[in-house]
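Colleague: I have a new model open and would like to understand the words you use for it. Could you take me through them?

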Amino acid sequence: MRLIDTHTHLDFDPFDTDRGEVLARSQRAGVERILVLGVHQANWARVWQLAQDEPCVHAALGLHPVFLQDHRAEHIDALRDWLLRLRGEDKLCAIGEIGLDYYIEDPAKERQQTLLEAQLELANEFELPVLLHVRRAHAQMIATLKRHKLKRTGIAHAFSGSWEEAREYIKLGYKLGLGGAGTWPQAHRMHRVLQQLPLDSIVLETDAPDITPHSHAGQRNSPEFLPDICRELAALRGVSAEELAEASYNNSCELFGWPAG
């Protein structure tokens with residue numbers, strides 16, 4: 001079973017003591033590529049260095065809406081400078097994590113929207129896909145994506161919306177990132193949506209160290225758990241784990257321009 005973890009934060013502090021071991025165990029479990037996403041200007045260098053040091057790691061750089069208080073107007077210019085410097089680098093695969101989060105206290109919706117649209121414009125300029133964080137803001141995100149027709153699309157990460165919202169993302173050419181949240185018994189709506197999703201719309205992720213799957217409740221999440229997530233979601237979807245893994249692998253390769261052979 002070949003897998004790609006399309007969303008992690010392996011640069012975060014919880015992995016400082018055993019990051020190398022986590023990567024080794026993940027690769028032994030069949031996780032061939034792991035994406036690590038930047039969330040604010042201060043961690044881009046750490047993310048990029050990790051991608052340089054580890055053959056299986058790929059990087060995305062972005063300004064995450066949850067860290068809105070850390071972002072400054074000049075950070076958009078700084079992101080553009082990074083993208084210019086890294087243009088053509090195989091290890092740079094996307095702009096992310098970016099998006100809209102209306103769940104946080106004092107969401108400053110207009111400022112989030114301005115930040116999102118500036119990064120979507122960079123995605124079009126550099127012809128990179130986007131990795132989207134969306135909480136309680138699917139309608140606004142979908143409307144924004146309809147206005148910003150990207151040359152390359154991206155992933156709605158940790159998707160837990162309705163079937164109607166899923167269908168809108170799919171119509172726009174976006175993949176839906178599925179991970180540990182859908183493995184929990186109480187995630188009834190997600191289970192119903194999963195059963196309707198076409199396999200060519202799904203990519204798998206962990207969001208490590210967050211959103212641990214039910215089978216590893218109480219533990220730090222890790223890319224090495226992706227095979228378990230795949231098996232649990234496949235059972236809910238009514239397909240074999242191998243079929244879901246292969247679909248996710250091919251969908252990820254198509255999105256990021258990687259060979260699937």
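Colleague: Leaving aside its neighbours within four places in sequence, which residues is His 138 in contact with?

Modeller: Those partners are Phe 159, Gly 161, Glu 165 and Tyr 169; contact means heavy atoms within 4.5 Å. A word on the source: this is a predicted model, where local features need pLDDT of at least 70 and side-chain atom pairs count only at pLDDT 80 or more, while totals for chains, interfaces and linings use all residues. Residues are numbered from 1 along each chain as its sequence is written, and side-chain values use heavy atoms, with hydrogens and water left out.

Colleague: What makes His 138 count as buried?

Modeller: Buried means under 20% relative accessible area, exposed over 50%, and partly exposed in between, with a 1.4 Å probe and protein chains only. His 138 has 10% relative accessibility, so it counts as buried. This histidine is found in helix 5, residues 138–147.

Colleague: Why is Gly 261 called exposed?

Modeller: Its relative accessibility is 96%, so Gly 261 falls in the exposed class. Gly 261 sits in the segment after helix 9, and its C-alpha is separated by 17 Å from that of Val 203, 58 residues apart along the chain.

Colleague: And what is the class of Ala 158 and of Ile 211?

Modeller: Ala 158 has a relative accessible area of 26%, so it is partly exposed. Ile 211, at 33%, is also partly exposed. Ala 158 has a positive phi of about 50 degrees although it is not a glycine, and the description for Ile 211 reads likewise, about 50 degrees. Ala 158 is in the loop between strand 6 (154–156) and helix 6 (163–171), whereas Ile 211 lies in the loop between strand 8 and helix 8.

Colleague: What else is found in that loop between strand 8 (202–204) and helix 8 (226–237)?

Modeller: Pro 209 is found there. A cis peptide bond joins Ala 208 to Pro 209, with omega about 15 degrees. There is also a cis bond from Gly 96 to Glu 97, with omega near 20 degrees; Glu 97 belongs to strand 4, residues 92–101.

Colleague: How many helices and strands does the chain have, and how are they defined?

Modeller: The chain has nine helices and eight strands. They are DSSP runs numbered from the N terminus: helices are H or I with at least four residues, strands are E with at least two.

Colleague: Why is the chain called as compact as a globular protein of its length?

Modeller: The radius of gyration is taken over C-alpha atoms, and the globule rule is 2.2 Å times the number of residues to the power 0.38. For 261 residues the rule gives 18 Å and the chain has 17 Å, which is close, so the chain is as compact as a globular protein of that length. Buried residues make up 59% of the chain.

Colleague: What span is expected for helix 9, and what does it reach?

Modeller: The expected span is 1.5 Å times one less than the number of residues. Helix 9 (residues 241–256) has 16 residues, and its reach of 22 Å from first C-alpha to last is close to the 22 Å expected. Its buried residues include Leu 244, Tyr 249 and Phe 256. After helix 9 comes Gly 257, with a positive phi near 75 degrees.
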